Amino acid sequence: ARVDEVRPLAGRGSRPQISDERMERYAAWQSVVTRQEVDPAHVDLELITSYRDAFRDYLRGRPSQGSLEVLNELQVGSDPDGGHFVDPDTNGRMVEFIHQTSPVRRLASVQAIESADALEGTVELGEAGAGWVGEQDPRPETATPQVFEWRVPLREQYAEPRATQRVIDQARLDVSGWLLGRVQRRFARLEGTAFTLGNGVKQPRGYATYPAGVPGETEQTWPRIEQVVSGAAATVAGDGLLDLVYALKEEYREGAVFGMSRTTEREVRQLKDGQDNYLWQPDFQQLGAARLIGYPIATMPDLPAVAAGAVPIVFGHFGEAYQIVDSVLGMRVLRDPYTTKGKVKFYTTRYVGGDVINFEALKLQVIST
């Protein structure tokens, strides 16, 4: 409709005589301006007249006295007015939510096996008997060490994400590769959690799940991990950390690391000695190489925060203590586009096992109550 055809109103509340055809044209125009459907019988002639006056002022270079938006110009902010011509650049990087993963695999002993469902080995407990005798003394029989078997079975991980065939065919990225990459990351987080907290049923056994106690020299008393108290109620303490270090035999201390969550690291980093020096020794030459009482620190997100009765810190030689078993098959993917037409299933499996095999090589810090 031509807005300049609207004559000034004779007075407030009056309505000029306009044909039905023109009212329909005004209604169509007002629907565009107000972005909502307008019935011809409810055309706002005052709005149209005001818009006409504001538009004339705009063309003459005078500031408008009203608050109407001029819509007869191309602009990015309105799709009907040219916004459809401007597409966003979608080549920006994909921002990902960070999920922390346990570093136990990097620290532990890892062995791949084939044509078997478990890795087995032996552990020698006790030692051979011996003694001093004189030349004519009898030589009684001496004790022999006890040898027991340890076994780390393979456990199965699985995932079955699905995607429509259309999104696989038409997406601007490799949907299959992206999806399987995320599954692989999820597998890594699942196994890291199991290496710490797993109960051993259909999954690896975690080092933090064994009963507390000093490992003994019998098959029954061997599978336990010593817990050293912090010595300070509901918090960590420097003396408690020293007790933790020296609870570990010196044969294992070379290559030992501290493990704790980020929140525990923050509390430990604030500890000071009697001379007000921080126990945490930063390395300004190599980022991330800080040491606590001379030993490196690994962030283990699955360990709990510091609280009374909690076990938030581990110290030990993971290469001696924890055994990870992988299948040489690796991660296998079965692509199934047939079961559900129009959708593709990515049935993904992987075999991995883990368990403590040397209980002497790890110590846990329990927070005093």
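Me: How far apart are the closest N and O atoms in the salt bridge that Asp-117 forms with Arg-151?

Reply: A salt bridge here is a side-chain nitrogen of Lys or Arg within 4 Å of a carboxyl oxygen of Asp or Glu. For Asp-117 and Arg-151, the closest N and O atoms are 3.6 Å apart. The pair links distant parts of the chain, 34 residues apart: Asp-117 sits in the loop between strand 1 (109-113) and strand 2 (118-125), and Arg-151 in strand 3 (residues 146-153). Helices (H or I, at least four residues) and strands (E, at least two) are DSSP runs, numbered from the N terminus.

Keep in mind that this is a predicted model, where local features need pLDDT of at least 70 and side-chain atom pairs count only at pLDDT 80 or more, while totals for chains, interfaces and linings use all residues. Residues are numbered from 1 along each chain as its sequence is written, and side-chain values use heavy atoms, with hydrogens and water left out.

Me: Is Asp-117 buried or exposed?

Reply: Buried means under 20% relative accessible area, exposed over 50%, and partly exposed in between (1.4 Å probe, protein chains only). Asp-117 has 52%, so it is exposed, while Arg-151, at 42%, counts as partly exposed.

Me: How many salt bridges does a search of the whole structure find?

Reply: The search turns up 9. One of them joins Glu-191 and Arg-105, at 2.6 Å from N to O. Those two are 86 residues apart, with Glu-191 in helix 5 (residues 175-197) and Arg-105 in helix 3 (residues 104-107). Glu-191 is buried at 6% relative accessible area, whereas Arg-105 is partly exposed at 25%.

Me: Which residues do salt bridges with shared partners join into one network?

Reply: Start with Arg-350, whose side chain meets that of Glu-191 in a salt bridge of 3.0 Å, N to O. Arg-350 lies in strand 14 and Glu-191 in helix 5, so this pair ties together parts 159 residues apart in sequence. Arg-350 counts as buried, at 14% relative accessibility. Through shared partners, Arg-105, Glu-191, Asp-326 and Arg-350 end up in one network.

Me: Which residues form a nonpolar patch on the surface?

Reply: Patches are made of residues with over 30% relative accessible area and no salt bridge; like charges are joined within 9 Å, nonpolar side chains (Val, Leu, Ile, Met, Phe, Trp, Tyr) within 5 Å. Here, Tyr-158, Leu-334 and Tyr-347 form one, with about 340 Å² of accessible area together. Such areas come from the Shrake-Rupley method with a 1.4 Å probe; for residues, only the protein chains shown count as cover. Tyr-347 lies in strand 14 (residues 343-356) and is partly exposed, at 31%.
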